[in-house]
Amino acid sequence: MQPQIPWNVLLLSAATALWLVSLPHIDYRHMGDWGLLDKLPATYLLSLAFLTAGFTVSLRRAGAASWWPGLHSVALLFALKAPTAILYDQVRYPWASKHEAVVAHLLANAELRPGAPLSGNMAAYDQWPGFFALNATLVRAFGVTSAQSYLNWAAIFYGLVLIPVLVFLYRTFSKDQRLVWTGVWIFEAANWVGQDYFSPQGMAFIIHLSVLAVVLRHFVRPGSAGGLRSRDSLDPAAACVPPSTTFRRRAVGVALLIPLIAAINCTHQLTPVMLCVSLLALQLTRRYRNAGPLAVAVLIMLVWDLTMGRPLFIETLASLKESAGSLLDNSRAGYAGQLTGPGPVLQGRADTLMVLVIAALAAFAVAARRRLLKSALPLLLVSIAPVPLLAVNDYGGEMLFRVYLFGLPGAAFFAAAALVPASGGAVQVASQARPLTGERRAREPGRLGISPVTRHRISAVALPVVLLALGAGFLPAYYGKERMHYTPPAETALVTRAIDRAPPGSLILGAINAFPMALRRYDQLQHWYFVEQELPENTRILDDPVSYLAPQLPQDGRPAFVLLTRTQEIYIDSEALLPPGGFQELTAKLEASPLFRVTDRNAYGTVLEYRPASR
């Protein structure tokens, strides 16, 4: 009799085959109002369902073969985020091309100018150059022409590196491999924020999480665990508290963490703050009341901010007078406009729903599994530590998303705890002094009045249903605005030609900066994006764009070029920065003016040169 192939192997194989078959049928070149959502074939959606089913089956053997759920987690990462990396023939995300421009600048000039007043808000990148210097080194080391050859794969790379970091972090608080890998799965399915593109934030987030994982595993103070050293006081899924370390070993550990903390500080402006507030939150626990890591993190952050990052640091301090305490304003998302159109509106709603689902699951676990909370409290604290920053600054309309991102690892762990029942159903009622055993254990109600057997039955249904729902929710949350993120090659070529032909010192204008190659040669050109304002001001521009722009354009003979492209139009329409049809009206009025001459045009955009009457 031949051995049977395990179900999880069959399901994973079927999911992989369906996913591969679906790729050629994803018509990304003709996206409409729904982004990529209505371009995903049924075989792709079916592959996610098969993959989720295979993962839930693999959890049954997670204790003996944890690499199976790990393999499914890697497959989920590829299933969700690899299609665009494989299919797109251009850079995904206009911001990614902006970051590539910084790498190109370093390769061409081999210098940093942190104090130079670069336009387009580009000075900050010379003040926090770690990510760009690393990629410039990689470009030269591998002999590729530019970072464009690999930057679309950043989300996959970051995701692969994050998986072992998350596993290391979760195993500090749980010995149940089902809970650990379900937490990893939920993190991937709920990580729709989009900061894992070719960006300093993606790299800094990984280092930030690595520092916290090391602190939580190796910085337990002697005598601080108390009753948590006894298995009787722990949740059946909880891991034993890590061994305590002496002051000397903790001091050595701090010294070893200095390069990682320094790497965060030279890479990104916000992440050092997130690290400091997370380490500060750990001071609330007896186990991790260590001043060393916090003091070093604060010191390195201040040294960097007052030297390399001083210009932006001073500017940010000045802005705090207006933003501090404005919780509602700081919690706004994106531009000053409002999402419009089916895809963007659905994405906004999906984002909100995903946050609520993860928060509800985590809150349920906190209430229902108090003994797990008792041992994993430090992870909860570092997850909610960034929340107060919403009352400090809006970070360009992105603070809400960053708080969610930095809180997601802990939230995913507790959400998994809500779905994965304690192994063996070992629940002890608070009023009892002796552990429950045998048939009585199986029937005894827990803290919420639900017996372990009932919870296992509920979990058998709830786990695959919730995981499948999260995977389905990821698609609109991540791809609902995908039309804004893909740029046809002809548009990229048009912008590249215009910027390469512009003499040094020229002024480059655009409605907004969200278009490919917008900041190419940013160190040689000036920039002005004149529609990145509140809608009333933008409407005033539309009344007479020539009269609004002309007085503010160079009168000293320096050239000025206006770039109006398809991607800008999509962004403006999707976020209602202009009234409906406003972008076409703006373009038509500038083209009709004798002060502007069309120098290049194709189906995806127009380039106009400012020609004052005196010239």
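Student: What is the strand order in the open sheet of five strands?
Tutor: The order is β2-β1-β3-β5-β4, and the pairing is mixed. Two strands count as paired if DSSP finds at least two bridges between them. Strands (E, at least two residues) and helices (H or I, at least four) are DSSP runs, numbered from the N terminus. This is a predicted model, where local features need pLDDT of at least 70 and side-chain atom pairs count only at pLDDT 80 or more, while totals for chains, interfaces and linings use all residues. Residues are numbered from 1 along each chain as its sequence is written, and side-chain values use heavy atoms, with hydrogens and water left out.

Student: Which are the edge strands?
Tutor: β2 (526-529) and β4 (596-602), each pairing on one side only. On average, neighbouring strands of the sheet are turned by 20 degrees against each other, direction ignored. Axes here are lines fitted to C-alpha atoms, for helices over the stretch in contact, and angles run from 0 to 180 degrees between N-to-C directions.

Student: Which strands does helix α23 lie across?
Tutor: Helix α23 (residues 566-574) lies across β1 (507-510) and β3, at about 65 degrees to β3. Helix α24 (residues 582-592) also packs on the sheet, touching β3, β4 and β5, and its direction makes about 145 degrees with that of β3. Contact means heavy atoms within 4.5 Å.

Student: What about Ser-574, buried or exposed?
Tutor: Ser-574, which lies in helix α23, is buried, because its relative accessible area is 9%. A polar atom of its side chain lies 2.8 Å from the backbone oxygen of Ile-570. Leaving aside neighbours within four places in sequence, Ser-574 is in contact with Gln-338, Leu-339, Thr-340, Pro-344 and Met-484.

Student: Switching to rings: how many aromatic pairs are there?
Tutor: The count comes to 26. Rings of Phe, Tyr and Trp (its six-membered ring) pair if their centres lie within 6.5 Å; planes under 30 degrees apart are stacked, over 60 edge-to-face and the rest tilted. One of the pairs is Tyr-28 with Tyr-88, which is tilted, at 5.1 Å centre to centre and 35 degrees between the planes.

Student: Where do those two sit in the chain?
Tutor: Tyr-28 is in the loop between α1 (7-22) and α2 (42-58), and Tyr-88 in the loop between α3 (67-87) and α4 (94-109), 60 residues apart. Tyr-28 is buried at 6% relative accessibility, and Tyr-88 is buried at 8%.

Student: Which residues form an aromatic cluster?
Tutor: Tyr-125, Phe-131, Phe-132, Tyr-150 and Phe-198 form one.

Conventions
Buried < 20%, exposed > 50% of the residue type's maximum accessible area, 1.4 Å probe, protein only. Polar contact = N/O pair within 3.5 Å; in protein donor to acceptor, adjacent residues only side chain to side chain.
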